[in-house]
Amino acid sequence: MCFFLKQENERKEGDLLNGQDITRSVIRLELTRALRGMETSPKRTLRKLADLGKLCAKGTIQKEMFGIFQKRLKNPDSPYFSSIETLVKQVSGDALLTFGMNLGYNSWTYGVRRLRETPADVQTTLSFLGLLSFSEDGSWDTESLMTFIEENKKSGIYAYAILPYYKDPDGVISHLLAETAAKETDCAFLWFFPEESLTDRKKEAFTLPNIMPVFSMQMLKETDLSSYLLENQILYGIYQKYNLHTEQEVISRKMLGLLSSFHTPFLFFLSDDADT
């Protein structure tokens, strides 16, 4: 493993600091070893990861969460084991490492620390998750979107969500997202795909390791999309829309059981109303 350290005068504002680069590289190395260990001893490897996580955790909430995780893993029949084993078998290691590091470290650890360092009056307008909205007027291009993201990274925002309240029949927005994500390699993008037909141009973004596409349950039920995602080892999630009249039905045992049958542990609930 090589570590590349930059001179102080070469550091670009918004980039991770040297010390953070080293920490990030060490964590990635341990996770790479863990992925290999999952092939031969998944339960032991997962327990070691939980122990290491709690040992390295600095915040009270982090320590508490890893402590809960440790307790759950004492049960040999814990569903965490089967969920993680399935995920490792079905998703490419590059996607798991890249998306996991960008979201878990760059955003939730380093990024949150940067957010807390911003002035109190600015913090009220910031969130660790940036929301990107698109319209048919073509208000974004790759350059303007990258400028927006680079500016937000200065405050510690390394994770972005694209909610499905837009139309992209020609795949223009999908292409824009793919181009941007390919250049913003230290960011994580949660792409909630609108319920419309897929084309090869739209699918090109699915294979980028820092993008996790999230599809509606309806799309996964009515198409062969699940097979495509599994065959290409793509990390993906599933979302279900709700409103005041359907929220009880959406969280019912039957519905949750159905949602869990789509081979992904990542489940999101979105309001039917784009403004809420």
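Predicted model: local features only at pLDDT ≥ 70, side-chain atom pairs only at ≥ 80, totals over all residues.
All 6 of the 6 residues of strand 4 (residues 211–216) are buried, so this strand is largely enclosed by the rest of the structure.

**Strand 4 and its partners**

- Strand 3 and strand 4 run parallel and are joined by 4 bridges, and within this pairing Leu190 stands opposite Met212 of strand 4.
- Strand 4 is also joined to strand 5 (residues 237–242), again in a parallel arrangement, through 3 bridges, and here the bridge partner of Ser216 is Tyr239 in strand 5.

**The sheet as a whole**

- Strands of a sheet pair through backbone hydrogen bonds, either parallel or antiparallel.
- In this model, 6 strands form an open sheet in the order 1-2-3-4-5-6, and their pairing is parallel.
- Strand 1 (129–132) and strand 6 (267–271) stand at the edges of the sheet with a single partner strand each, so one side of each is left without a neighbour in the sheet.
- On average, neighbouring strands of this sheet are turned by 25° against each other, when direction is ignored.

**Helices across the strands**

- Helix 5 (residues 93–117) lies across strand 2 (159–162), strand 3 and strand 4, and runs at about 115° to strand 3.
- Helix 8 likewise lies across strand 2, strand 3 and strand 4, but its direction is at about 165° to strand 3.

**Cavities**

- Rolling a probe the size of a water molecule over the atoms shows where empty space is left.
- The lining of the largest cavity is made up of Leu87, Gln90, Val91, Leu230, Ile234, Leu235, Tyr236, His263 and Thr264, which divide into 6 nonpolar residues, 3 polar residues and no charged ones.
- The second largest cavity holds about 30 Å³ of space, and the residues that line this cavity are Ile162, Leu177, Ala181, Phe189, Trp191 and Ile211.
- Helix 8 (172–183) and strand 3 (188–192) are the elements that give two or more residues to the lining of the second largest cavity.
- The lining of the second largest cavity consists of 6 nonpolar residues, with no polar and no charged residues.

Note on methods: Residues numbered from 1 in each chain as written. Heavy atoms only, no water. 1 Å grid on protein atoms, 1.4 Å probe; cavity = no way out; pocket = protein on both sides within 12 Å on 5 of 7 lines; lining within 4 Å. Nonpolar A, V, L, I, M, F, W, Y, C, P; charged D, E, K, R; others polar. Points joined across faces, edges and corners; volume = space filled by probe spheres on them. Buried < 20%, exposed > 50% of the residue type's maximum accessible area, 1.4 Å probe, protein only. Pairing = 2+ DSSP bridges. Axes fitted to C-alpha atoms, helices over the stretch in contact; angles between N-to-C directions. Contact = heavy atoms within 4.5 Å.
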